[in-house]
Amino acid sequence: MYSEIDLNKTDINAEPPMEEPARQYFFIEKCRQSVMKMQEDLGRPLTCFIQTFGCQMNARDSEKLLGILQKIGYIPADSQDADFVLYNTCTVRENANLRVYGRLGELGRLKQKNPHMVIALCGCMMQEQEVVKKIQSSYRFVDIILGTFNIFMLAELLDTYWQTKDQVINIWRESGDIVEDLPSQRKYPFKSGVNIMYGCNNFCSYCIVPYVRGRERSRTPDEIECEIRRLVADGVLEVMLLGQNVNSYGKNLENPVSFAQLLRNIEQIDGLERIRFMTPHPKDLSDELIDVMASSEKICNHIHLPLQSGSSRLLKCMNRKYTKEHYLDLVSRIREKIPDVSLTTDIIVGFPGESEEDFEDTLDVVRKAKYDSAYTFIYSRRTGTPAAASTEQVPDDIVHQRFDRLLAVINEISHEVSRRYEKTVQKVLVECKDEHSPGLVTGRMTNNMLVHFPADESAIGQIIPVYLEECRGFYYMGRTKLSLN
Ligand code: 5AD
Ligand code: SF4
């Protein structure tokens with residue numbers, strides 16, 4: 001385990017070990033000595049900055065990457081005017097890629113002013129060959145490129161870069177062993193993401209994730225529980241279990257375990273207060289899982305259940321493997337057993353071939369499912385996915401009109417649904433100072449809604465009862481008992 005490895009005893013002149021994670025600790029130490037030397041020469045500390053694009057998985061990866069950089073000796077900075085800048089990219093939609101290219105231009109200019117600056121790119125976008133070619137030809141100032149399967153090698157690749165001073169590209173086409181047990185720097189001391197599985201086998205026809213994140217691999221329950229116990233001992237109250245389709249968790253393990261069983265085990269961990277998970281797939285959300293949630297004290301009162309479309313015809317084209325009726329039936333089974341559950345969703349507008357009738361079906365499900373909130377996306381054509389080849393792409397103006405109509409329906413419903421807790425007391429995990437209003441803090445209810453209320457900063461990291469005075473759309477304003485007296 002990391003804390004048991006003494007970096008000072010590493011002989012960096014010896015051959016690097018072949019086994020992991022010892023090999024990476026060797027390179028962390030080697031880089032650490034290089035950073036110390038550079039700091040002495042420059043007479044100032046070296047800083048680092050990570051920009052995360054995309055999902056919770058990337059956010060968790062960035063914590064691991066920051067852990068490595070800090071161990072190497074970099075001090076985190078607030079802006080990309082730093083000595084090591086890393087973009088952890090997303091490619092799920094085209095505009096995520098465009099944002100990265102836009103920001104890269106700015107980085108190039110900063111690097112001209114700071115010759116010590118190292119620029120690295122990692123994440124899903126780097127698994128696309130076209131992207132890497134473009135960076136090789138048009139963004140030569142990028143120093144290190146690594147993919148989604150080998151982020152744990154950051155220190156090794158940084159060392160290679162310093163040895164060669166040439167652009168280092170190391171992208172694996174498929175997953176090797178899962179290397180955990182490296183340093184990690186959590187954004188919040190009291191909550192953490194925990195990867196329970198990697199990859200996706202579903203191949204929804206619009207989605208690039210299976211191509212850039214590979215096939216499903218589950219970590220064993222022992223490893224996961226061990227990590228959570230360590231996190232709890234380190235002050236964590238809430239974990240978010242992460243996987244592209246958590247319902248498939250454990251199916252390919254030597255000793256198969258269901259996701260529901262994993263949750264039962266995790267529930268037993270003393271000191272852990274809240275369990276969240278992201279993301280289940282409606283096609284195989286089991287009654288066992290609903291029962292475990294209904295009887296749990298710790299699993300949060302929230303299910304994110306991506307719909308994508310309400311049309312059975314389109315769902316078939318999307319390869320989602322459920323119908324409108326199946327989805328609505330699932331929603332009623334969930335609501336029957338967990339009456340107060342908050343449901344949220346993802347919806348894509350303008351999937352190829354979407355007709356007015358298909359879109360009406362989506363509106364119909366939105367009205368019936370009564371989501372607390374929904375993430376809505378305009379369909380983005382991803383090269384290499386089956387849907388990208390369709391000749392039935394929907395014209396932009398129609399897509400935008402539908403998008404606005406959908407948003408209006410969602411807002412109307414979710415404002416109505418969200419205010420059901422008004423004038424009640426709910427438990428809130430306080431996360432941070434309210435960025436916009438001095439004297440207030442911001443926390444989260446178990447259903448994931450934000451609450452702002454007056455409290456001292458010392459409340460951060462605690463779960464406290466808060467009286468919810470007023471719902472303002474997607475968040476609440478509240479008061480604590482102290483301020484009520
Ligand atoms: N276009 C638009 N949205 C997409 N998503 C995935 N792929 C695409 C795409 N090509 C959305 C889905 C998924 C969420 C993470 O991103 O709604 O649930
Ligand atoms: Fe993409 Fe579908 Fe896998 Fe989700 S389940 S990551 S939408 S392929």
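Visitor: Which polar side-chain atom lies 2.7 Å from an oxygen atom of ligand 1?
Guide: That atom belongs to Asp-346. The model is predicted: local features need pLDDT of at least 70, side-chain atom pairs count only at pLDDT 80 or more, and totals for chains, interfaces and linings use all residues. Side-chain values use heavy atoms, without hydrogens and water, residues are numbered from 1 along each chain as its sequence is written, and chains are lettered from A and ligands numbered from 1 in the order in which they are written.

Visitor: What lies 2.6 Å from an oxygen atom of ligand 1?
Guide: A polar side-chain atom of Gln-308 does.

Visitor: How much of ligand 1 does the protein bury?
Guide: The protein buries 85% of the 410 Å² that ligand 1 exposes when taken alone. Accessible areas come from the Shrake-Rupley method with a 1.4 Å probe.

Visitor: Which residues surround ligand 1?
Guide: Among them are Val-92, Arg-93, Ile-348, Phe-377, Ser-380 and Arg-382; a residue counts as near if one of its heavy atoms lies within 4 Å. Strand 13 and strand 14 each supply at least two residues of this shell. Strands are DSSP runs (E, at least two residues) and helices likewise (H or I, at least four), numbered from the N terminus.

Visitor: What is the strand order in that sheet?
Guide: The order is 12-13-14, in an open sheet with parallel pairing; strands pair if DSSP finds at least two bridges between them. Strand 12 (302-304) and strand 14 (373-378) each have a single partner strand, so one side of each lacks a neighbour in the sheet.

Visitor: Which residue stands opposite Ile-303?
Guide: Leu-343 in strand 13 does. Strands 12 and 13 pair over three bridges.

Visitor: Changing topic, how many residues of strand 1 are buried?
Guide: Five of the six residues in strand 1 (residues 47-52) are buried, meaning under 20% relative accessible area (1.4 Å probe, protein chains only).

Visitor: Which strands does strand 1 pair with?
Guide: Two bridges join strand 1 to strand 2 (residues 75-76) in parallel, with Cys-48 opposite Pro-76. Strand 1 also pairs in the parallel sense with strand 3 (residues 84-89) over five bridges, where Leu-86 is the bridge partner of Ile-50.

Key:
Buried < 20%, exposed > 50% of the residue type's maximum accessible area, 1.4 Å probe, protein only. Polar contact = N/O pair within 3.5 Å; in protein donor to acceptor, adjacent residues only side chain to side chain.
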